[in-house]
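We will go from single pairs of side chains to a whole contact between chains, and then to one last residue.

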Amino acid sequence: MSKPVEEIRIGVYVCHCGTNIAGMVDVKNVADFASRLPGVTVSREYKYMCSDPGQELIRQDIKEHRLNRIVVASCSPLLHEETFRAATAKGGLNPFFFHLVNIREHDSWVHENRQDATAKANALVHAAVERVRSHKALTKKQVPVNPAVLVVGGGIAGIHAALTLANAGKKVYLVEREPTIGGHMAKFDKTFPTLDCAACILTPKMSSVKSHKNITLWSYSEVSRIEGYVGNFEVTVRRQPRYVREDLCVGCMECIDACVFKEAKFPNEFDEGLGKRKPIYVPFPQATPKVAVIDPDRCLNVKTGKCKKSCVASCDRGAIDFTQKPEDRQIKVGAVVVATGFKAFDAKRSPQYGYGVYPNVYTSLEVERLVNASGPTSGEVVLRDGRHPKTVGIIHCVGSREEHTNRWCSRVCCMYSLKLAHLVKEHSGAEVFNFYIDMRTPGKSFEEFYQKLLKEGVHFVRGKVAEVNDWVLDPSEQGKLVIRVEDTLLGTVRRIPVDMVVLGVGLEPHADAQEVRRLFNISCGTEGFFLERHPKLAPVNTFTDGIFLAGCCQGPKDIPDTVAQAGAAAAEALALIDSGHVELEPNTAYIVEEECSGCKSCVPLCPYKAISYVEDKKKAVINEALCKGCGTCVGACPSSSIKQNLFEDEQVFSEIRGVLADV
Amino acid sequence: MSNESEKGYLYFPGCSLKSTGRAYEESLLELFRLLDIPLQELDDWNCCGATSYMGIDEEAAFVLGARNLSIACQTPGRDLMAPCSACYMVLRKTQDYTSKYPQVRREVEAAMKRADLPMPGQVKIRHPLEILYHDVGAERLKNLKKRNWLGGTIACYYGCQAVRPYSDVDDAYNPVKMDELLRAMGVQTIDYCLKTKCCAGVLTGTVPPVGRRVNYILLKEAVRKGAQAVVTICPLCQINLDAYQKEISAESGERFDIPILYLPQVLGWMLGGRKKELAFHRCIAGRRYLNEWLRETKEEEAYV
Amino acid sequence: MERQIRYQREARPAWGAEIAKLPGCERLYSCIQCGTCSGTCPMSLYMDYTPRRVIALIREGFYKDALSCRTIWLCASCYSCSSRCPQDIKVTDIMYALKREAIKRKVYPSRFPTPVLAREFYRLVKMFGRNSEFLLVFLLTLKTNPLGFLTMARTGIALLLTGRLSPKVEMIRDAARLRKALEPKEVA
């Protein structure tokens, strides 16, 4: 090479991170150690390298000591890599002459012996010092961002995110799996703590979604594929056939009256099975879109082809179309908001409460429908056996705070159980008992609501109910359900006969959350909810750029928190697409053309379809914009002709040499 | 029929099956004879330690279990059947804790060494309910059925330690295997929600009023739901429900005289076993019903 | 009138921590005081402290009450608490640990028959390798409630008549070696 060999002048900075690192690692020792390594010109330790004076230190040293390589030993690159790259650039160096060593998450936080932790820090710093020598100047590539956004899930989170984005003038695709949007909130009667009617506040937003010029609503549809990267996602949405044409149906419901099933006999999912529907139905009066849907598992014509199809004849608009097939739609978006919601805990998994055994044991969602004026009983609290309850027991924490089911507190059950206590009492005049472990009312006006219930004369028994059954010890228990519980405030066991039991079921991830996670290439926490990038500082971001989270798919939360988070996710998506472009990490692979033999073995291996084969040159070529830097092709190439920025052989091998140098 | 049941089983009777629970052993041996499944009594077995040992000396409790398992391992290839629920649970717990807790294992190892006994290897501990359900199966029992049950509706009572804490015998909350077997044989069983409630164990002996109250509740609910007999799979459950019915009747003012049977007695009878071999004469309560229900015809007498 | 107050100087939280180290007691500190154990316990209505309260006593180190309460001797080992506990606490094992500790310190309720039975049972099995139910009941009644013979007569006779109670004591062949294994380990 003709270029003169430049003298390597490295600056090493060891961060105390308060006592986070210095408490377990002897930072002075690490700095001294680094100062003796060849090529190191400056070696310092400092209390907070990420602080302004810390960054200033780097800038000054670059100027004063003519540094051309920077190593900072501090925390995870997820947190401060960008900070120090910027500081390096401020000093006039290419930011990729910097390398970050993680001696906090990888060292001080996970070790218990100071000496060992210090030795490990030294080894890691040594590795970085060796590696950084062979770093090259790199530039980040800018790619334009598609300004459309995909919102997945049409519950209150998805609805709010979609409207926020659409109101800002962005094109939004809202995809919902069910025939209607509205999610769980549409099923609720009143909402805590204000007791305003859920439908009254939700349905206007649902109509806005339908009528908004910037929103394309696809219900009864699911995302089946997503490819690409931040700013440029290519999405396939599968639209299930509803056998009713959305463009023609006006929701007049003539077809439903005409159906050959004269009686509605199938459980209506929207009413939690308490109400009945026909094979052709509209889930509820305010369903959006208000388009009938045919249940393929119930419809005689779909199942057997043998039906006189009176529905078809009844529709003068000709909207019923049994020839519909699943249909794939391709769209391009720049960002995605995942708002897929939650699943209510299956009460049968807590068999001690007799759900599914005793008909008068209900889940909280069933009771929401039971007390709802538009529900199956028009708001009258009638039990499955036709009786009206005189005493009702509401059990909190069913499927929450348990090792055998779900370990987390579901956050909303205390409050909705209080709400249901109020509503059931109001609708039936029954005596109500609430059984709780700890009363959790931390939201705005929540404690006041608890006080209200206390004054209303609802009984509060502190104790987790051990069992619900029907054995009789006392004549007063004949024909009742008996709740057996320790009243932990009294310190004695109580038997309380009731007519109705309400199970305050917890919130859990959807059964297919893992598949959705893989589809969008995001992570799940141990409990199965989607994982935010940082619990405090990036609560709506995921580890995949351009994919944001909103609502209960990220963890249980109430409606105010869900709406706030949906707004935040929309804002993050806006910030991304409004900037017009994204910068891509330059850690991409590239092919040294003269060495490529054209064997094509790398092409099918690439998980991101970034490699193609150019027939006339007989060489492979990598699309930098699609490459995520996973390194699969680099390892697989038989002629070693694929290299990767920031992971060049020389860099990796010198790093290994460095880490092992003092062993 | 499964492989295991062809090979037969090692059999750990436990102390109760040699005295107050004799009817359990006698009927079990007869049932397995009728099924043509060989049982081999564990040689020189010792008391399992039951629940009392655990409350005095934990190490000794596990040593008692370990010695039995050690003997069982000297006849490899066969599962060890423990019909008494307490024995079953204690043997399972010994295996569980010696593998889960190193300190338990070390102590047991040291004790076994003192006594010059080999540490036990792996042996599968089985409860007869589960053997009858899985290895024999309802189909085979049905095929061998010789008699109908004339004893009316039955409450299946599983008790505690057969299903807890090692609940692979059956579900810990809602066991059904006994009900399923009996229903397959044409016997009616009630939906007995107290089926896994405790029988008070040894407390019937040590704190009699408490024990009797517990058994009163069990009997009362069985009768209320229409049971004419209770079927058990544990000698302690059987004696507690069976032996105090007169006292319970006197204390409660309600009259209880209901036969408390062992599962093998009922199954054995339906498979054509004889009253005496199945030890029905050892029942204390409800004898007049038994006499009515269990009639051996002349032909059967000649046949057997 | 009795004062109802607990002084912190009476508490030995470190003692609770020791209990939590015993096999089966490791999740002691996970207790959320929900009372499922007490609610499901068939004996809790006879107990002076419900099982939940016993856990609280151990955790806070009130060892005197935890060891001398009747609760631990009323536990019938039905494992209902252990299998139902939402925090997977093996409450039954904790009861066993307290029983052992109470016997070691000789603080169990005097003349309460359950610990006496446990002790007699222990001795019998150690001696013969098997339990003799006849002898056990005899010894127990003798030591705790001699008048009990009268009230127990009916059951005893019924058992004798049905051949279910025999005064014969069975002894295993290898009793000597078993005794050796059961000898408490030598104090180092």
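Begin by selecting Glu105(A) and Arg104(A), whose side chains meet in a salt bridge with 3.0 Å from N to O; a salt bridge here is a side-chain nitrogen of Lys or Arg within 4 Å of a carboxyl oxygen of Asp or Glu. Arg104(A) is buried, with a relative accessible area of 10%, whereas Glu105(A) is partly exposed at 21%; buried means under 20% relative accessible area, exposed over 50%, and partly exposed in between, using a 1.4 Å probe and protein chains only. Side chains of opposite charge can pair when their charged atoms come close.

Keep in mind that this is a predicted model, in which local features need pLDDT of at least 70 and side-chain atom pairs count only at pLDDT 80 or more, while totals for chains, interfaces and linings use all residues. Residues are numbered from 1 along each chain as its sequence is written, chains are lettered from A and ligands numbered from 1 in the order in which they are written, and side-chain values use heavy atoms, with hydrogens and water left out.

Next, select Arg277(A) and Glu269(A), which form a salt bridge at 2.8 Å, N to O. Arg277(A) is buried at 4% relative accessible area, and Glu269(A) is partly exposed at 43%. Then select Glu81(A), Glu82(A), Arg85(A), Lys140(A) and Glu585(A) together, and you will have a network of residues linked by salt bridges. Over all chains, the structure holds 85 salt bridges.

Now show chains B and C. How many residues does each chain bring to the contact? Chain B gives 66 residues and chain C gives 56, where contact means heavy atoms within 4.5 Å. The two chains bury about 5,500 Å² between them, 58% of it on carbon and sulfur atoms; buried area is the accessible area (1.4 Å probe) that two parts lose on being put together, summed over both. On the side of chain B, select Tyr53(B), Ile56(B) and Arg114(B), which lose the most area to chain C, together 12% of what that side buries.

Between chain B and chain C there are 6 salt bridges. For one of these, select Glu58(B) and Arg100(C), whose side chains meet at 3.9 Å, N to O. For another, select Asp43(B) and Arg173(C), with their closest N and O atoms 2.7 Å apart. Asp43(B) is partly exposed at 44% relative accessibility, while Arg173(C) is exposed at 63%.

Finally, select Glu221(B), which lies in helix α10 of chain B; helices (H or I, at least four residues) and strands (E, at least two) are DSSP runs, numbered from the N terminus. Is Glu221(B) buried or exposed? At 2% relative accessibility, Glu221(B) counts as buried. Not counting residues up to four places away in sequence, Glu221(B) touches Asp470(A), Trp471(A), Val472(A), Tyr192(B), Cys193(B) and Leu194(B). Of these, Leu194(B) is 27 residues from Glu221(B) in sequence and 7.7 Å away in space, C-alpha to C-alpha, and the backbone nitrogen of Val472(A) lies 3.3 Å from a polar atom of the side chain of Glu221(B).

Note on methods: A polar contact is a pair of N or O atoms within 3.5 Å; within protein, one must be able to donate a hydrogen and the other to accept it, and residues adjacent in sequence count only if both atoms are side-chain atoms.
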